[in-house]
Amino acid sequence: MIENYSNTKALLPPPVKLVAVSKTKPIEAILELYHAGQRDFGENRVQELTEKFEQLPKDIQWHMIGHLQTNKVKHIASFIHLIHSVDSINLLKEINKQALKNNRTINCLLQIYIANEETKFGLSFDEAEQLINSEELKKLLNIKIVGLMGMATNTENTEQIHAEFKSLATFFSKHKNFKTFNFELETLSMGMSGDFHIAIEEGGNMVRIGSLVFGVR
Ligand SMILES: *Cc1c(COP(=O)(O)O)cnc(C)c1O
């Protein structure tokens, strides 16, 4: 596993941050990477995430990468490092409320729907645009939108994957110079085990990699 980890890291140019996706993987596997220096780990279920948080070193930076229900935000609000899967203003309001209760600011990515598949969550570009320009966003003092996340279609067609990531990178660039106290795009989270090369070519600076590092689930 350490070899997989080193090999994967060697493929990432320095500005690209690796989030090791540890969903379904045991504590021991996470600790092995932790001892090799990895600090950013991603999970997609709240229950599993909180259990792992409790058992593992407190300097781990936990990323919530899966769909998040509003009623579960309270369970992760005290410790979550970055939520990648914000897909509505309502969810953002709840994150803000729970962040305030915990006397902190929670960093978030807007998840944008770029795939040509029915199963992927996220905002359309129009919806994201509306959220970014909304009056409601300006009232949220305890969240900060620091970037965007997207998942490409699971396909062999690399041209399509390029096009989907490019569309997200273009939207990212378009909003990069718009900065407020709670909005400043820095992180472009795109790319998984099968398509991270393409994501990086298209300008992604954070990749979420599970099976390539930990082995297939
Ligand atoms: C599982 C998952 C990943 C990692 O997938 P791999 O193919 O194992 O690298 C990345 N992003 C999200 C949102 C996931 O749910």
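Helices (H or I, at least four residues) and strands (E, at least two) are DSSP runs, numbered from the N terminus. This is a predicted model, in which local features need pLDDT of at least 70 and side-chain atom pairs count only at pLDDT 80 or more, while totals for chains, interfaces and linings use all residues. Residues are numbered from 1 along each chain as its sequence is written, and side-chain values use heavy atoms, with hydrogens and water left out.

**View 1. Meet the residues around the ligand.** Val21, Lys23, Ile65, Met151, Met192, Ser193, Arg208, Ile209, Gly210, Ser211 and Arg217 surround the ligand. To be near it, a residue needs one of its heavy atoms within 4 Å. Sort this shell by type and you get five nonpolar, three polar and three charged residues. In that sorting, Ala, Val, Leu, Ile, Met, Phe, Trp, Tyr, Cys and Pro count as nonpolar, Asp, Glu, Lys and Arg as charged, and the others, Gly among them, as polar. The ligand takes up the space of the largest pocket. Here is how a pocket is found: on a 1 Å grid over the protein atoms alone, it is an open set of points with protein on both sides within 12 Å along at least five of seven lines. A molecule sits in a pocket if more than half of its atoms lie within 2 Å of its grid points.

View 2. Which side chain has a polar atom 2.5 Å from an oxygen atom of the ligand? That's Ser193. On its own, the ligand would expose 390 Å², and the protein buries 89% of that. Areas like this come from the Shrake-Rupley method with a 1.4 Å probe; for residues, only the protein chains shown count as cover.

**View 3. Follow the contacts of His63.** A polar contact is a pair of N or O atoms within 3.5 Å; within protein, one must be able to donate a hydrogen and the other to accept it, and residues adjacent in sequence count only if both atoms are side-chain atoms. The side chain of His63 makes one with the side chain of His84, at 2.9 Å, and another with the side chain of Asp40, at 2.7 Å. His84 sits in strand S4 (residues 82-86), and its side chain also has a polar contact of 3.1 Å with that of Ser189. Is His84 buried or exposed? It counts as buried because its relative accessibility is 0%; buried means under 20%, exposed over 50%, and partly exposed in between (1.4 Å probe, protein chains only). Asp40, in strand S2 (residues 40-43), is buried as well, with a relative accessible area of 6%.

**View 4. Stay with Asp40 and look across to Ile60.** Ile60 belongs to the loop between helix H3 (46-55) and strand S3 (61-64). Along the chain, Ile60 and Asp40 are 20 residues apart, yet their C-alpha atoms are separated by 6.1 Å. Ile60 counts as buried, at 6% relative accessibility.

**View 5. Spot two loop residues with a positive phi.** Most residues other than glycine have a negative phi. Thr24 isn't a glycine, but its phi is positive, at about 70°. You'll find Thr24 in the loop between strand S1 (17-21) and helix H2 (27-35), where it counts as exposed at 54% relative accessibility. Asn103 isn't a glycine either, and its phi is about 60°. Its loop runs between helix H5 (89-101) and strand S5 (106-113), and Asn103 is exposed, with a relative accessible area of 71%.

**View 6. Check out Lys144 and Cys108.** Lys144 is part of strand S6 (residues 143-151). How many residues separate Lys144 and Cys108 along the chain? There are 36, and the C-alpha atoms lie 6.0 Å from each other. Lys144 counts as partly exposed because its relative accessibility is 22%.

**View 7. Finish with Glu135.** Glu135 lies in helix H7 (residues 135-138), and its side chain has a polar contact of 2.9 Å with the side chain of Lys138. With 52% relative accessibility, Glu135 counts as exposed. From Glu135 to Leu49 it's 86 residues in sequence and 32 Å in space, C-alpha to C-alpha.

Technical notes:
1 Å grid on protein atoms, 1.4 Å probe; cavity = no way out; pocket = protein on both sides within 12 Å on 5 of 7 lines; lining within 4 Å.
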